[in-house]
Amino acid sequence: MIDSQHSFTRAEISPIIVVSLISALRLLGIFLMLPIFSAYAVRYPGASAALAGVAFGIYALIQCIFQIPLGWASDRWGRKPVLVVGLALFGLGSIGCALANDIYSLILARSLQGTGAVGSVAFAALADLTRPSVRTQAYTITGIAIGTSFMVGLLAGPFLAAKIGLGGLFYVLAFLSFLSLILAATSFPPESRALRAESPMAVRPILADNHLRPIFVATFVLSFALNLFFFTYPLSWTEIGFEKAELWKVYLVIFLPSVVIVFPYMRRAEKQGRFRMPILIGWLTATVGYGIYLFGAQSDLLLYVSGAAFFFGYSV
């Protein structure tokens, strides 16, 4: 017997696919940069390790600043126009990065790139267009698409950078962002007027809300840990003598538990209406995985275990 309450309808499948593709294509470009950015950025005229770090981190900082205002703007004017504008800004910033001829212009272009902070808008659209009983499954599918982009990006980034350089890689980012823009402009599902019947809250009450504040803090911690972990994780493998060309085998192993287990696990949690335990398990597994990595980065077995545990916990 089919459980229709916890199965997607035809009207829900389309937005899930579109939002997942938009998110995955946009983030694929970012993940292509992740394993090689610092190594190339330090070669720019006027660069130092510290300035290369600023160029890497300024993107995430600007993203942090713009996520909530753009989310609020999408509540007021609709998801689709804000999504299109954000993707356009990200694409223009990527072109600026490709044209940068010194570290300071790279930092400025990375700042512009960061203003396209539409991740919150995409996830808000999923909430609008899916029922509460299947919403976590929809988020999980989008998360799997993003995880796949991460795996592809981390494997393809070093190869592409060796062929076309960092500037060429930024052109690839621009192409992917404009591809996402076209997809958003042509295939994004129409919004119901009822979704925007109420006036959106002002930003200050959102920031001050005692129920939302822990979510903001948790999201920051998870994002910080993810970037820090996966920026250093491939370096740990190369330090123990693992060839870069063979890293795809590592990621295949560490992503497999998430791909196989997370979706059915969250589907079961939705049916039972119990989310506290999955949340606790997710945080505990991610924390344990990170701890194993900090103390066992010299062992290939512990690197496998830490990577699989951390990514599983993060996905949950």
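Student: How many aromatic pairs does the count come to?

Tutor: Keep in mind that this is a predicted model. Rings of Phe, Tyr and Trp pair if their centres lie within 6.5 Å. By this rule, the count comes to six.

Student: Take Y59 and F90: which parts does that pair tie together, and how many residues apart are they in sequence?

Tutor: The two rings sit 6.2 Å centre to centre with 65 degrees between the planes, an edge-to-face pair. Y59 belongs to helix α3 and F90 to helix α4, so the pair links parts whose separation in sequence is 31 residues.

Student: And what kind of pair do W237 and Y304 make?

Tutor: Their ring centres are 4.8 Å apart. Planes over 60 degrees apart count as edge-to-face. The planes here are at 65 degrees, so the pair is edge-to-face.

Student: How are α11 and α12 oriented to each other?

Tutor: Helix α11 (residues 276-296) and helix α12 (residues 300-315) pack with axes 7 Å apart, at an angle of about 155 degrees. Angles over 145 degrees count as roughly antiparallel. The two helices are therefore roughly antiparallel.

Student: How many charged residues are in the contact of α11 with α12?

Tutor: Residues of α11, including G282, A286 and Y293, meet residues of α12, among them L302, S306 and F310. The contact residues divide into eleven nonpolar and six polar, and the number charged is none.

Technical notes
Residues are numbered from 1 along each chain as its sequence is written. This is a predicted model: local features need pLDDT of at least 70, side-chain atom pairs count only at pLDDT 80 or more; totals for chains, interfaces and linings use all residues. Side-chain values use heavy atoms; hydrogens and water are left out. Axes are lines fitted to C-alpha atoms, for helices over the stretch in contact, and angles run from 0 to 180 degrees between N-to-C directions. Helices (H or I, at least four residues) and strands (E, at least two) are DSSP runs, numbered from the N terminus. Angles under 35 degrees count as roughly parallel, over 145 as roughly antiparallel, 65 to 115 as roughly perpendicular and the rest as oblique. Contact means heavy atoms within 4.5 Å. Ala, Val, Leu, Ile, Met, Phe, Trp, Tyr, Cys and Pro count as nonpolar, Asp, Glu, Lys and Arg as charged, and the others, Gly among them, as polar. Rings of Phe, Tyr and Trp (its six-membered ring) pair if their centres lie within 6.5 Å; planes under 30 degrees apart count as stacked, over 60 as edge-to-face and the rest as tilted.
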